[in-house]
Amino acid sequence: MEKRCFGVDIGGTTVKMGLFTVDGKVTDKWEIPTRKEENGKYILEDIAKSVKERMQRDTLILEDIAGLGIGVPGPVKEDGTVLKCANLGWGVFNVAETVRELTGIENVKVGNDANVAALGEMWQGGGKGYNNLVMVTLGTGVGGGVILGGKILTGSNGAGGEIGHIRVNYEEKDVCGCGKTGCLEQYASATGVVRLAKKALEKKEKKTTLVADDLSAKAVFDAAKAGDELAMDIVEKFGFYLGMALAHISQVIDPEVFVIGGGVARAGQIIIDEVSKNYEENVMFALKNKAFKMAELGNDAGIYGSARMVLD
């Protein structure tokens with residue numbers, strides 16, 4: 001039998017799980033609830049139980065399993081030690097060792113969820129065909145993952161790729177959730193775009209169809225596409241800060257491609273146009289003309305990347 005591998009993506013509400021062939025085909029995927037009571041003590045037990053049930057159903061034995069990968073919402077060291085996952089209630093402990101004991105699967109790898117999603121997009125998504133990429137996830141916050149030579153750049157404390165907290169505006173007075181000011185997340189996340197829109201509406205400098213009581217990142221981008229001047233200004237600011245941040249990253253990482261995903265990225269080509277334009281204006285000559293791609297795997301990127309981790 002062709003070997004299989006499990007990919008697991010632990011979220012705050014559900015745990016997404018997938019069973020893959022080693023060449024990247026998903027043969028089954030499902031979800032279980034994330035039980036966070038008692039500081040998340042049941043999460044890994046539930047995952048192990050679900051894995052064993054799926055193996056039994058498909059008549060798989062341990063020798064058929066190439067490995068099990070897990071993406072978690074927090075910093076992870078290379079040995080699988082999680083350095084706290086506040087929204088799961090976890091402290092510092094070695095997730096990989098625990099899962100090995102619970103499942104009997106020897107090859108267990110654990111990674112940060114954003115980094116793992118980047119690996120998934122490299123394997124079977126928008127970054128397929130590239131070995132060096134930066135993935136940007138534009139959601140409630142701004143997440144990132146860096147892949148170099150086909151491998152996740154973890155960093156010494158598992159915090160590599162935290163691009164949302166690069167400072168891009170030294171004049172900013174509002175404080176970011178991380179405690180600093182002027183972070184990329186304050187301009188390029190869904191909440192950041194809404195924040196910019198509220199400030200622009202307060203100034204009332206341009207006519208607009210946007211309404212203060214019904215603001216969302218989607219509303220702003222839709223209005224910009226329709227030619228709304230105020231919305232276009234906001235999108236230009238969004239593109240300026242994100243493009244500048246990616247130029248800074250490129251001058252350290254020199255990736256082949258930037259893959260952009262997350263809820264905000266559903267706005268589509270307008271994102272690529274604005275960000276790539278500002279990237280080109282802020283980067284040195286040797287790093288121009290990078291590829292910009294949209295992510296393709298959506299919410300499945302994490303299970304793909306988790307599975308891919310165990311194949312090295």
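Author: Start with a definition: contact means heavy atoms within 4.5 Å. Keep in mind that this is a predicted model.

Reader: Which residues does Lys29 touch, not counting residues up to four places away in sequence?
Author: Lys29 lies in strand E3, residues 26-33. Neighbours up to four places away in sequence are not counted. By that rule, Lys29 touches Met17, Gly18, Asp300 and Ile303.

Reader: Is Lys29 buried, partly exposed or exposed?
Author: Buried means under 20% relative accessible area, and exposed means over 50%. Lys29 has 48% relative accessibility. That value falls in between, so Lys29 counts as partly exposed.

Reader: How far apart in space are Lys29 and Gly125, C-alpha to C-alpha?
Author: Along the sequence, Lys29 and Gly125 are 96 residues apart. In space, C-alpha to C-alpha, the separation is 17 Å.

Reader: Is Met135 buried or exposed?
Author: Met135 lies in strand E8, residues 133-138. Its relative accessible area is 5%. The cut-off for buried is under 20%. Met135 is therefore buried.

Reader: What separates the C-alpha atoms of Met135 and Gly145?
Author: Met135 touches several residues, including Gly143, Gly144 and Gly145. Met135 and Gly145 are 10 residues apart along the chain. Their C-alpha atoms are separated by 5.1 Å.

Reader: Where does Tyr187 lie, and is Tyr187 buried or exposed?
Author: Tyr187 lies in helix H5. Its relative accessibility is 1%. The limit for buried is under 20%, so Tyr187 counts as buried.

Reader: What span does H6 reach from its first C-alpha to its last?
Author: H6 has 14 residues. At 1.5 Å a residue, the expected span is 20 Å. The model comes close to that, with 21 Å.

Reader: Which helices do the buried residues of H6 pack against?
Author: The buried residues of H6 are Gly192, Val193, Val194, Arg195, Leu196, Ala197 and Leu201. They pack against helix H5 (185-188), H7 and helix H8 (229-253).

Reader: At what angle do the axes of H6 and H7 cross?
Author: Two packed helices are described by the angle and the distance between their axes. The axes of H6 and H7, residues 217-225, come within 8 Å. They cross at roughly 65°.

Reader: How do the residues of the contact of H6 with H7 divide by class?
Author: H6 gives Ala190, Val193, Val194 and Ala197 to the contact. H7 gives Ala217, Val220 and Phe221. The contact has no polar and no charged residues, leaving 7 nonpolar.

Reader: What phi does Thr59 take?
Author: Most residues other than glycine have a negative phi. Thr59 is not a glycine, yet its phi is positive.

Reader: Is Thr59 buried or exposed?
Author: Exposed means over 50% relative accessible area. Thr59 has 61% relative accessibility, so Thr59 counts as exposed.

Reader: What is the phi of Asn289?
Author: Asn289 lies in the loop between helix H9 (269-282) and strand E12 (291-294). Asn289 is exposed, with a relative accessible area of 68%. Its phi is positive, though the residue is other than glycine. The value is near 65°.

Reader: Which element gives the largest share of the lining of the largest pocket?
Author: The largest pocket has a volume of about 1,200 Å³. Its lining counts 48 residues, and Asp113 is one of those nearest the centre. Elements giving two or more residues include strand E1 (4-10), helix H4 (113-124) and E8. The largest share, 4 residues, comes from H4.

Reader: How many residues of the lining of the largest pocket are polar?
Author: By class, the lining has 16 nonpolar and 9 charged residues. The polar residues number 23.

Key: Residues are numbered from 1 along each chain as its sequence is written. This is a predicted model: local features need pLDDT of at least 70, side-chain atom pairs count only at pLDDT 80 or more; totals for chains, interfaces and linings use all residues. Side-chain values use heavy atoms; hydrogens and water are left out. Buried means under 20% relative accessible area, exposed over 50%, partly exposed in between (1.4 Å probe, protein chains only). Axes are lines fitted to C-alpha atoms, for helices over the stretch in contact, and angles run from 0 to 180 degrees between N-to-C directions. Ala, Val, Leu, Ile, Met, Phe, Trp, Tyr, Cys and Pro count as nonpolar, Asp, Glu, Lys and Arg as charged, and the others, Gly among them, as polar. On a 1 Å grid over the protein atoms alone, a cavity is a set of points where a 1.4 Å probe fits but cannot get out, and a pocket is an open set with protein on both sides within 12 Å along at least five of seven lines; lining residues have an atom within 4 Å of a point. Grid points are joined across faces, edges and corners, and a volume is the space filled by probe spheres set on the points. The expected span of a helix is 1.5 Å times one less than its number of residues.
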